[in-house]
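Please study the structure before reading each solution.

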Amino acid sequence: MNAIGRELSENRILWLLVAVPAVFLAERVASEAHTALFILSVLAIVPLAALLSRATESVAARTGDAVGGLLNATLGNLTELVIAITALRAGMFDLVKASVAGAIVTNSLFMLGLAFLLGA
């Protein structure tokens, strides 16, 4: 338990993990409060993404650059994948199309901007 306490004191973003069960509870209690559910979901996904990133880095440190790069490329967009699957199950096809297009444009612009910055 000491390691968990130390980790929570060093990484304050992990305090947002409290929002994960709160989302499920709020969905059961007040499923019509869409704004509150959205805010709680955003708060809950932030520490989960941070934990996923940290786990990927830990595995990459032990296995090498090739496996680490593969894991990073595979799991780097896991949150987007979860959101897309959930939206597809809800029949929100336009949302998924817009999300995928936005991710492609964002990544392309980021890489282009980085290339301009480093190439100049």
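The model examined here is predicted.

**Exercise 1.** Describe how helix H5 packs against helix H6.

*Solution.* 
Step 1. Two packed helices are described by the angle between their axes and the distance between the axes. For H5 (residues 78-89) and H6 (residues 93-119), the angle is about 160 degrees and the axes lie 8 Å apart.

Step 2. Angles over 145 degrees count as roughly antiparallel; H5 and H6 are therefore roughly antiparallel to each other.

Step 3. On the side of H5, the contact is made by Glu80, Ala84, Ala87 and Leu88. H6 contributes Phe93, Leu95, Val96 and Ala103.

Step 4. Sorted by class, this contact of H5 with H6 comprises 7 nonpolar residues, no polar residues and 1 charged residue.

**Exercise 2.** Characterise the largest pocket by its volume and its lining.

*Solution.* 
Step 1. The volume of the largest pocket is about 850 Å³.

Step 2. Its lining consists of 22 residues, and those nearest the centre are Val23, Ser41, Ile45, Ile83 and Thr86.

Step 3. Helix H2 (19-29), helix H3 (34-63) and H5 are the elements that each give two or more residues to this lining. H3 gives the most, with 9 residues.

Step 4. By class, the lining of the largest pocket holds 17 nonpolar, 4 polar and 1 charged residues.

How values were computed
Residues numbered from 1 in each chain as written. Predicted model: local features only at pLDDT ≥ 70, side-chain atom pairs only at ≥ 80, totals over all residues. Heavy atoms only, no water. Axes fitted to C-alpha atoms, helices over the stretch in contact; angles between N-to-C directions. Helix = DSSP H or I, 4+ residues; strand = E, 2+ residues; numbered from the N terminus. Parallel < 35°, antiparallel > 145°, perpendicular 65-115°, else oblique. Contact = heavy atoms within 4.5 Å. Nonpolar A, V, L, I, M, F, W, Y, C, P; charged D, E, K, R; others polar. 1 Å grid on protein atoms, 1.4 Å probe; cavity = no way out; pocket = protein on both sides within 12 Å on 5 of 7 lines; lining within 4 Å. Points joined across faces, edges and corners; volume = space filled by probe spheres on them.
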